[in-house]
Amino acid sequence: MALWTVHGDGRPTDGDAIAPQERVSWPLTIGFGAQHLVAMAGATILVPATTGLPVSTTLLFSGVGTLLFLVLTRNRVPSYLGASFAFIAPLSAARDEGIAAQLGGVLAAGLLVVIIGVAVKALGVRMLESVMPPVVTGAVVVLIGLNLSHRATGSFAEQPLPAAVTMGIILLCGVVGRGTFFRFSVLLGVLVGWALGFWLGLVDTAAVAGADWVGLPAFHSPELRPSVTLLVLPVVIVLVAENVGHVKAVGALTGRNLDGSIGDSIIANGLSTALAGIGGGPGTTTYSENIGVMGVTKVYSTAAYAVTGVAAVLLAFSPKATALLSTVPAGVVGGATLVLFGLISLVGVRIWMEHRVDLANPGNALVGGAALVAGVGDLTLELGDMELGGLVWGSLLVVILHPVLRWLGAVRKG
């Protein structure tokens, strides 16, 4: 049995949506995979660069994790697993402990996520929905997009000209473009912005020239240390909330009920994170950037993600290719992500609208509003040696407080 059925004659017409288990012709599918590769590359390279972990190994386990995710979700949930920004704060705090200790924390977090995924799969989606109803999942999706907005606007302001050109081409092709220009709007925007960066002298190719064409990723073994593990474990809440929110977002985009795949999604993300911890990379999560690409192009084919996963694995064995991807100017990344993060935020609003969430209800409005401000404002607090950012606090507020306050309200009325 074929993994994917061919959509029409393999060439999508204007306005067509390509379903997750469909594909277009392989040349076009490879092109869509390249578009997802460009979308995920900036963040997946930035996380290890910030935390001191090897970039090549991060790319390797990102690609392997994505392929594992597609297998475990049985090709139903189109998503890319890239390096999670939620790990930056705890892994940076543990940097003096060494790479082995950092990886021990990643491994522990991954295993705990797997356990939660197994529980969700065993107890059923209804159990999860009682804790994370549409008002919560919609808020988490909005939170994910808006919490990342500082990164997009910061990069945009750093190099406004290539950022504006990149964003302008994506918007122009995405709104008025037809055929190839519509489907490849993100890739075209990034390539034109990248070329402009070369012309403006914003791209330093010295590292590319000095890198080898072929080389093994730098592997490391984990070491479990309680102090570092405790620093990393709060990330688990974010990973689970992100997974649920992303699956809901993909379901909203594709018009499918993917709730039955939430447990598999969480398990796959946990296994991917654990594998990264065993070998030398930061934890992974489903990527908002790539969900945003689907929102622009209406291409939901998991075949494109399979291409991206294989490409990431191959690139991990080429230091020159890794160095080349690192030359994408910050402004180009900012211009693209300004559009993509905005799209993922609006998908959260769409979840609210489709489920007719009552935002006049005090419980929904007060808790959701507080969570969004904590996330968008990137509320950062220190608890002992742990520094927790806005994504953590926003997720905690909406995931924990909403069911508690709903229960208290029911008790008062009863």
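This is a predicted model: local features need pLDDT of at least 70, side-chain atom pairs count only at pLDDT 80 or more; totals for chains, interfaces and linings use all residues.

Trainee: Where does α18 bend?

Mentor: At T337, by about 30 degrees. Look just past the helix too: R356 has a positive phi of about 50 degrees.

Trainee: Now packing. How are two packed helices described?

Mentor: By the angle between their axes and the distance between those axes. Take α6 (residues 134–147) with α18: the axes come within 7 Å and cross at roughly 170 degrees. Angles over 145 count as roughly antiparallel, so that is what α6 and α18 are to each other.

Trainee: Which residues of α6 and α18 meet?

Mentor: On the α6 side, P134, V135 and T137 are among them, along with G145 and L146. They face a set in α18 that includes F341, I344, V347 and W352. By class, this contact of α6 with α18 has 12 nonpolar, 5 polar and no charged residues.

Trainee: What about α4 and α14, at what angle do their axes cross?

Mentor: Roughly 165 degrees, with the axes of α4 (residues 99–123) and α14 (residues 262–279) coming within 7 Å. That makes α4 roughly antiparallel to α14. Their crossing is left-handed. The α4 residues in the contact include L103, L107, V114 and K121, and those of α14 include D264, I267, L271 and I278. This contact of α4 with α14 divides into 16 nonpolar, 6 polar and 2 charged residues.

Trainee: Are α13 and α15 roughly parallel or roughly antiparallel?

Mentor: Go by the angle again: α13 (residues 235–254) and α15 (residues 288–297) pack at about 5 degrees, their axes 10 Å apart. That makes α13 roughly parallel to α15. H246, V250 and L253 of α13 make the contact with S288, I291, M294 and G295 of α15. Sorted by class, there are 4 nonpolar, 3 polar and no charged residues.

Trainee: Why do residues three or four places apart point the same way?

Mentor: Because an α-helix has 3.6 residues a turn.

Note on methods: Residues are numbered from 1 along each chain as its sequence is written. Side-chain values use heavy atoms; hydrogens and water are left out. Axes are lines fitted to C-alpha atoms, for helices over the stretch in contact, and angles run from 0 to 180 degrees between N-to-C directions. Helices (H or I, at least four residues) and strands (E, at least two) are DSSP runs, numbered from the N terminus. Angles under 35 degrees count as roughly parallel, over 145 as roughly antiparallel, 65 to 115 as roughly perpendicular and the rest as oblique. A crossing is left-handed if the near helix is turned anticlockwise from the far one by less than a right angle, and right-handed if clockwise. Contact means heavy atoms within 4.5 Å. Ala, Val, Leu, Ile, Met, Phe, Trp, Tyr, Cys and Pro count as nonpolar, Asp, Glu, Lys and Arg as charged, and the others, Gly among them, as polar. The bend at a residue is the angle between axes fitted to the seven residues ending there and the seven starting there.
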